[in-house]
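Biologist: Could you bring up the sequence and the model? I would like to go through them one question at a time.

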Amino acid sequence: MEEKLSLFSASNIEGYINDYAIPWGINIAMAIAIYVIGRLVVGFLLSVFRRLMAKSKYDNMLVDFLESILSAILMLFVIVASLDQLGVDTTSLVAILGAAGLAIGLSLQDSLKNFAAGVMLLVFKPFKAGDFVEAAGTAGSVKKIGIFTSILNTPDNKEIIVPNGKIYGDNITNYSAKDTRRVDMVVGIGYDADLLKAKTILQEMVKEDERILDEPAPTVAVSELADSSVNFVVRPWVNSPDFWAVKWDFTEKVKLRFDEEGISIPFPQMDVHLHKADSE
């Protein structure tokens, strides 16, 4: 009897080994191999990605963020493949992950919009850190371009954090994009003033300022016969950093020079005529 029990137990153990232990051991070993090899492949692909991004000279913040996303997606495939080797129903797992991703995406629509806009700003670079821009209803120097928001410093040193979605969805004016800018000024003189003398003075003042460029050639011309004045347009070209200094200095010098030369700068006036009714 004992001999039969021992034989029965030995056969059962052998059956368990053949039917369960060996197949499970092989599956576990294969799953581990898939995971290890998958990680090596992911590491290789990420290194290739980094080299390609280094050649393209994209922003480091964008490269790091895209690399982390790519790493997460590739590792998810590796984990799903490993679980599938173990016999886990990955179809249901993928469906659950998809549903969770959809729910998260719907709840984070604005954040995803800002993220997409941030990626576009970093890829196409309509402006860079240090540029003075006007965007999303505000203007200032760009301090930082983030994945979700950008930081601007206003001329009076206020820090404004602007969502990237608003920046990319609106017009962007980059005042620092070009090396040179044109200064547009309007100078008015009275109708009784010497027109040619005033024009000559303005042309001389433009030539005397060393910050004003010879090319493109500056423009000094009569633009309008207004209600109270004859208006000149004065449009010199300057290097972008000199824009405001030239504009302010030139405006001040025009007033001082015209005062010296006796050329009047008019202001709006109104003549009031009183009529006295004839007494009966």
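Biologist: What share of the contacts in the chain with a separation of 6 or more comes from residues 24 or more positions apart?
Modeller: This is a predicted model, in which local features need pLDDT of at least 70 and side-chain atom pairs count only at pLDDT 80 or more, while totals for chains, interfaces and linings use all residues. Residues are numbered from 1 along each chain as its sequence is written, and side-chain values use heavy atoms, with hydrogens and water left out. A contact means heavy atoms within 4.5 Å. Among the chain's contacts with a separation of 6 or more, the share from residues 24 or more positions apart is 65%.

Biologist: How much of the accessible surface of the chain belongs to carbon and sulfur atoms?
Modeller: Accessible areas come from the Shrake-Rupley method with a 1.4 Å probe, and for residues only the protein chains shown count as cover. The total for the chain is about 19,200 Å². The part belonging to carbon and sulfur atoms is 60%.

Biologist: Is Leu40 buried or exposed?
Modeller: Leu40 lies in helix α1. Buried means under 20% relative accessible area and exposed over 50%, with partly exposed in between (1.4 Å probe, protein chains only). At a relative accessible area of 60%, Leu40 is exposed.

Biologist: What is the strand order in the open sheet of three strands?
Modeller: Two strands pair if DSSP finds at least two bridges between them. β7 (185-189) and β8 (219-225) are the edge strands, each pairing on one side only. β7 and β9 (residues 230-235) share five bridges, while six join β8 to β9. The pairing is antiparallel, and the order is β7-β9-β8.

Biologist: Which residue in β9 stands opposite Met185?
Modeller: Val186 stands opposite Val233 in β9. Met185 stands opposite Val234.

Biologist: Why is β9 described as largely enclosed?
Modeller: Helix α6 (residues 195-208) lies across β7, β8 and β9, and helix α7 (residues 243-261) packs on the sheet, touching β7 and β9. β9 is largely enclosed by the rest of the structure because, of its six residues, the number buried is five.

Biologist: At what angle does helix α6 run to β9?
Modeller: Axes are lines fitted to C-alpha atoms, for helices over the stretch in contact, and angles run from 0 to 180 degrees between N-to-C directions. The direction of helix α7 makes about 10° with that of β7. For helix α6 and β9, the angle is about 15°.

Biologist: Which strands stand at the edges of the open sheet of five strands?
Modeller: This antiparallel sheet has the order β4-β3-β2-β1-β5. Each edge strand has a single partner, so one side is left without a neighbour in the sheet. The edge strands are β4 (159-163) and β5 (172-174).

Note on methods: Helix = DSSP H or I, 4+ residues; strand = E, 2+ residues; numbered from the N terminus.
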